[in-house]
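Biologist: I'm new to this one. Can you put it up and take me through some of its charged pairs?

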Amino acid sequence: MSTKISVILPAYNERENIIPLIERTIKAIPQEKEIIVIDDNSPDGTFEVVGDFCKTNPIVRLINRKNERGLCSAVQRGINEATGDIIVWMDCDLSMPPEKIPDLVDKIINDGYDVAVGSRYVPGGKDRRTDSGKFILFFHTTLSRIITTFTSLLLWRTFRDWTSGFIAVKNDVIRKIPLNGDYGEFFIEMMYRILKNGYKVIEVPYELIPRQRGQSKTSTSYLGFFTRGIKYVRCVLRLKFSKI
């Protein structure tokens with residue numbers, strides 16, 4: 001029996017990146033597929049270029065949300081709409097390679113895993129955002145590594161990339177896991193719930209590259225990074241001392 005793949009692309013102001021990402025994703029996945037773009041009514045007209053693309057590409061669906069905002073709720077909306085056996089989601093800024101999606105999917109179809117996470121922190125993976133030479137990205141990358149190490153130590157020592165955001169998961173698994181959080185916190189809690197429930201998880205190495213076009217949705221100031229880091233720490237501590 002064939003396996004259908006649903007790819008969720010939560011977008012906001014990604015007009016320059018979204019169509020190249022969709023085209024590469026279509027080319028990368030050999031199985032039956034659907035691509036669901038969840039756009040939060042982007043001021044730059046992301047939903048307009050996706051809408052035009054959909055007219056000649058029926059496997060692409062656009063949901064333009066006018067009264068909702070946020071990454072977590074966008075991913076949840078995509079999950080609710082997905083009809084595939086395996087659900088994938090990733091960032092829309094071309095920092096994550098859609099060509100790695102088949103590697104994630106293969107771990108589920110052929111190796112019996114429930115969840116495959118694209119990981120910067122297992123052998124073969126790398127966070128290349130420092131390649132740009134910008135000190136603020138070096139600061140961000142270092143802070144990300146500290147947060148993920150802290151999370152591993154407190155929650156689950158054998159899992160590494162707690163803020164990945166690049167994942168393939170069985171449809172029937174993710175529908176049992178509630179998504180809660182503001183930004184990257186939802187991924188931390190989601191993975192902790194998945195691991196605590198005994199699902200079979202593997203991390204697959206990939207290289208995260210710097211955004212080439214458009215404006216980052218992550219904080220772009222040192223204070224912003226620090227503030228978000230505090231939110232992550234609070235999330236981890238809440239999970240550590242909860243009864244999940």
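Biologist: Which side chain does Arg77 meet in a salt bridge?
Modeller: Arg77 pairs with Glu81, at 3.1 Å from N to O. A salt bridge here is a side-chain nitrogen of Lys or Arg within 4 Å of a carboxyl oxygen of Asp or Glu. This is a predicted model, where local features need pLDDT of at least 70, side-chain atom pairs count only at pLDDT 80 or more, and totals for chains, interfaces and linings use all residues. Residues are numbered from 1 along each chain as its sequence is written, and side-chain values use heavy atoms, with hydrogens and water left out.

Biologist: How many residues apart are Arg77 and Glu81 in helix 3?
Modeller: They are 4 apart in helix 3 (residues 71-81), so about one helical turn separates them. Helices are DSSP runs of H or I with at least four residues, strands are E runs of at least two, and both are numbered from the N terminus.

Biologist: Which residues are in the network of salt bridges?
Modeller: Lys4, Glu34, Arg61, Arg77 and Glu81.

Biologist: Different pair. What does Arg211 meet?
Modeller: The side chain of Glu14, in a salt bridge of 2.6 Å from N to O. The two are 197 residues apart, with Arg211 in the loop between strand 9 (207-208) and helix 8 (222-240), and Glu14 in the loop between strand 1 (4-11) and helix 1 (18-28).
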